[in-house]
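Biologist: I have a model open and want to learn how to read it. Can we go feature by feature?

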Amino acid sequence: MKESDAIGVSVVAVKDNKLCYQESFGYNPDYNNPEKRNPIGSDDIYRIASISKTFVATAIMQLVEKGLINLDEDINRYLNFNVRNPRYPELPITVRMLLNHHSSITDYQYEKYRNSLAMFNPEAGKDIYNFFENYRPGAKYKYSNYGYSLLGAIIENVSQVRFDEYIENNILIPLGIYGGYNVSKIDSLRFVWAYHYDKKKKKYTKSPQMYKPFIKETDNYILGESTALFSPAGGMKLSVLDLAKYMMMHMNYGTYNGVRILTKESEEELWKISSKTKYGMGFMHANFKLKGIDLIGHQGGAYGIHSTMFFNPEEKYGFIVICNGCNSGHTLDTEILKELYYCFVKK
């Protein structure tokens, strides 16, 4: 942490399906009083960034199990509007392509389309070409947060339940987890705030937008169209201990504490990777230079947060590391994960 000028870090290690280590270091900053050093509590809540994508993928597979979604179906069947790469208008984009980032949808951040799916409206004119790559859908891997907003819209249209409420009712509550995508429903006193490190300026800046409430925006919410408001790709907020429960559910092929969220077959489908990429559907594989090891999970980065959640379903161990600000990117959480492995798994 000292080498990375880190602000705070929370870590969790699970072995043999049991929590064997949990600790937080550093502090939770107070934007109004920079000199204040609030300790990070075990129940404090982080925005977990792109680990959130695993929740979206889990929800999609629940609906696949119910026969409401076909992974290889044209996504337009499940949307209020048509989405096509304008360079390949005859080729459908499938649900699977969104999940495994082969949709050809870009990941550029256009400010006027932030938290909006309006970018896919044909009325966007020539701008529509900027939202898609030059290659055909399915041809190449290209990470896309926008693709996961579309998946959130699909979840809403198929279930007829608002995205945040679907995740809460079908994943969080059954697992006994407090948190969610809706900032307005979470105790703000438990938020862990972050500082974003600017590499060019070599300084930290506040990230007040990371927990921005949007009560007014939900008044005119339209299912299947307003979904991006909740940031399905990165907007989940929960504690590391509750994230550990969720991780153990996936580690045990969809079941935790007697509650089944997914079938074993669905879990294996999510983890399946192609020969060209280490990314499955909402889950990635990595070994972090640990020879002979295959870990499944996801990493995330947003607003200064660097998050990592990886597990081994065969040997029943897993790790969570979340940092709320450092100057080394994912180097810190990756190094800590490796130390956890050597401390608690390979002694």
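Biologist: Is Asp 164 buried or exposed?

Modeller: The model is predicted, so keep that in mind throughout. The cut-off for buried is under 20% relative accessible area. Asp 164 has 4%, so it is buried.

Biologist: Where does Asp 164 sit?

Modeller: Asp 164 belongs to helix α4, which covers residues 163-175.

Biologist: Which side chain makes a polar contact with the side chain of Asp 164?

Modeller: That of Asn 182, at 3.3 Å. Setting aside neighbours within four places in sequence, Asp 164 is in contact with Tyr 181, Asn 182 and Phe 230.

Biologist: Next, helix packing. What describes two packed helices?

Modeller: The angle between their axes and the distance between the axes. Here, take α1 (residues 53-65) and α3 (residues 145-159): their axes come within 10 Å and cross at roughly 35 degrees. The crossing is left-handed. On the α1 side, the contact is made by Lys 53, Val 56, Ala 59, Ile 60 and Leu 63. On the α3 side, the residues are Asn 145, Tyr 148, Leu 151, Ile 154, Ile 155, Val 158 and Ser 159.

Biologist: Why does spacing along a helix matter for reading such a list?

Modeller: An α-helix has 3.6 residues a turn, so residues three or four places apart point the same way. In α1, Val 56, Ala 59 and Leu 63 are among the contact residues.

Biologist: How many residues of α5 are buried?

Modeller: 10 of the 12, so α5 is largely enclosed by the rest of the structure. Among them are Asp 242, Tyr 246, His 250 and Met 251. The helix covers residues 240-251 and reaches 16 Å from its first C-alpha to its last, close to the 16 Å expected. Tyr 253 follows α5, with a positive phi near 55 degrees.

Biologist: Now the sheet. In what order do the strands of the open sheet lie?

Modeller: The order of the 6 strands is β2-β1-β15-β14-β13-β12, with antiparallel pairing. At the edges are β2 (18-26) and β12 (284-286), each pairing on one side only. From one strand to the next, the twist averages 20 degrees.

Biologist: How many bridges join β12 and β13?

Modeller: The two pair over 3 bridges in the antiparallel sense, β13 being residues 295-302. For a residue-level check, look at His 285: its bridge partner in β13 is Ile 296.

How values were computed:
Residues are numbered from 1 along each chain as its sequence is written. This is a predicted model: local features need pLDDT of at least 70, side-chain atom pairs count only at pLDDT 80 or more; totals for chains, interfaces and linings use all residues. Side-chain values use heavy atoms; hydrogens and water are left out. Helices (H or I, at least four residues) and strands (E, at least two) are DSSP runs, numbered from the N terminus. The expected span of a helix is 1.5 Å times one less than its number of residues. Buried means under 20% relative accessible area, exposed over 50%, partly exposed in between (1.4 Å probe, protein chains only). Two strands pair if DSSP finds at least two bridges between them. Axes are lines fitted to C-alpha atoms, for helices over the stretch in contact, and angles run from 0 to 180 degrees between N-to-C directions. A polar contact is a pair of N or O atoms within 3.5 Å; within protein, one must be able to donate a hydrogen and the other to accept it, and residues adjacent in sequence count only if both atoms are side-chain atoms. Contact means heavy atoms within 4.5 Å. A crossing is left-handed if the near helix is turned anticlockwise from the far one by less than a right angle, and right-handed if clockwise.
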